[in-house]
Amino acid sequence: MKAKWLLLTKIHLLGMFDFNKMRKGKDPRLMKRTIGGGLLFVLVLALLLFYAVSIAMSFAEGGFIEKVPGFSVALASFFILLFSFFQGGARLFATKDFDQLMAMPLKKSDLVISRLIAIYLPDLAFALGVIAPMLIVYFVHVGFSAVTLLLMVMVTLLTPVIPLFIGCVLSTLFAALTAGFRYKGLLESALSLILVAAIVAGSFLFSFSSASDTDPSQSLYAMYDMIIGRIYLPALLVDITISGEQIWGVFAFAGISLAACALFVALFARFFFTINALLRRQSAGRAYRRGDVRASTPFRTLVGKEFKRLVSCSSYLVNGICGAVMLVLFSVGLIVFAEVFRAQGIEIGDLVQNLNYIVLGAALFCYGTTCPAASALSLEGSSRSALFSMPVSANKILLAKALPTFLINAISGLVFAVCAGIGLRMGALDWIFAILSVPLFSAFVALSGILLNYKMPNYDWKTEIQVVKNSIPVLIETFGVMALSFAICILCYFFGWIVFVILLALVVLADAVFLYLIQNAKLYA
């Protein structure tokens, strides 16, 4: 008989990728959605490969290609730590099926191990997507070595372990400490946005220092020295082995990873029930006050409900306004860079032809990553029957769910348009294009997002993360708008304002079509 933890792992993985539904279900649309999700995964992988290869090539041009293997481990570990901190606790202690699992004759260690493996495997795929292309670049410049390949295979398999466990521990501790805090979701969102802002600001600072440094390789090596030598020391163990200094480094890395795995499983198996009981506590309540109930129109009530849902779920809020935050930071960075270049006698608009239209097209990428509407309908989950049975038309429900996306993008877009106009010293016509594009792009993203969610809803989820990060509508919206933004930037570079005029006309037409489709929508519980 198979081990119970192995069966549980299989069930988790099949449920995660909807394989069971595809095999047993009779809905022909599910196969199309699964294929679409696979194609989007391939696109994400291609972007990840491009990013990893670019970093490795920068190391090679800087003259320290031998540092690539260790840095690839540190880079993959950094992102896995972030994902585990913001998602690990929710995935490890998913409560939707907790009562059913507790009624089964299972050991706590079986539950913990199965869920850890279900978290580990996607993280391993991410680590492989970072380490493998960087290692290929390393072999191209240094020469192939079978011993190095075998060592890096072992290292890659163990790379997710330490950051995964650290992230899950921090995520669980944070959830436990804030279990009774009424504004827990808002606090988590604020921390996430601060982290995003810090990463974007750090990227700006690094780009600026690299541009102003006479030797850009010095900045790159300083970044390597900070990450490997001061922040993530386990990657240093890999570095000293691959560089030929000490053979024991990789084995010490393996020992630390395996010891951390054993300790984590033992501790969480011991306190699994206690932690679940703590995390299942309801949020702190408050006394009723007469002013809490106010008269309002149905549409305004639905919009208010969407905003409350947005700020109450940290993963929903972070994914919903992350692009807007990046756009505002980009706006500030654009003005700063423009003034720095002007101080040196250089006008930033003269560096690249048609830069005014290129940055407006690039802003569309941030609009696309700010789309709560792409998951707003799915988040109703099992409670959707109460909403759909209300005496409110389906188009009002869909428009209410799209309005927060429109408002968030419109506000951040207006900030960007003003900053871009000031920083690039736009003319009158370019100012008109910049301001006009804000409501049109915002409506395009919001309406397309809610329509995608309407056509491909996912009401059967265990945690909100499955809907707000990994659902097919969110992926299509994000990467579809990303591809459109890249195409606009390239076309605007060669053809200028005429492309932007055509684009705005097409967006107006698309918005009209989307509104027509929403007007004729039907919602069924």
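**Ground rules.** I am working with a predicted model, where local features need pLDDT of at least 70, side-chain atom pairs count only at pLDDT 80 or more, and totals for chains, interfaces and linings use all residues. Residues are numbered from 1 along each chain as its sequence is written, and side-chain values use heavy atoms, with hydrogens and water left out.

**Overview.** I looked up the secondary structure and found 23 helices and 0 strands; these are DSSP runs numbered from the N terminus, helices being H or I with at least four residues and strands E with at least two. Of the 525 residues in the chain, 46% are buried (under 20% relative accessible area with a 1.4 Å probe, protein chains only; exposed is over 50% and partly exposed lies in between).

Helix H22 covers residues 472-495 and reaches 34 Å from its first C-alpha to its last, close to the 34 Å expected. I take the expected span as 1.5 Å times one less than the number of residues. Just after H22, Gly496 takes a positive phi of about 70 degrees.

**What covers H23?** Its buried residues include Val499, Phe500, Leu503 and Phe514. Among the parts covering the buried residues are helix H16 (355-368), helix H19 (394-423), H20 and H22.

**Cores.** I then checked nonpolar cores (sets of buried Ala, Val, Leu, Ile, Met, Phe, Trp, Tyr and Cys residues joined through side-chain atoms within 4.5 Å). The largest has 62 residues, and Tyr367, Phe441 and Phe500 are among those with the most contacts inside it. H20 gives the most to this core, with 12 residues. Apart from it lies another core of 52 residues, including Val155 and Ile162.

**Phe500.** Leaving aside neighbours within four places in sequence, I find Phe500 in contact (heavy atoms within 4.5 Å) with residues including Tyr357, Phe433, Phe441 and Cys492. Ring pairs also link Phe500 into a cluster with Tyr357, Tyr367, Phe433 and Phe441.

**Aromatic pairs.** My search of the whole structure gave 13 aromatic pairs. Rings of Phe, Tyr and Trp (its six-membered ring) pair if their centres lie within 6.5 Å; planes under 30 degrees apart count as stacked, over 60 as edge-to-face and the rest as tilted. Phe444 and Phe514 have ring centres 5.8 Å apart and planes at 40 degrees, so this pair is tilted. Phe444 lies in H20 (residues 428-455) and Phe514 in H23 (residues 497-519), so the pair ties together parts 70 residues apart in sequence. Phe444 is buried, with a relative accessible area of 16%, and Phe514 is buried with 16%.
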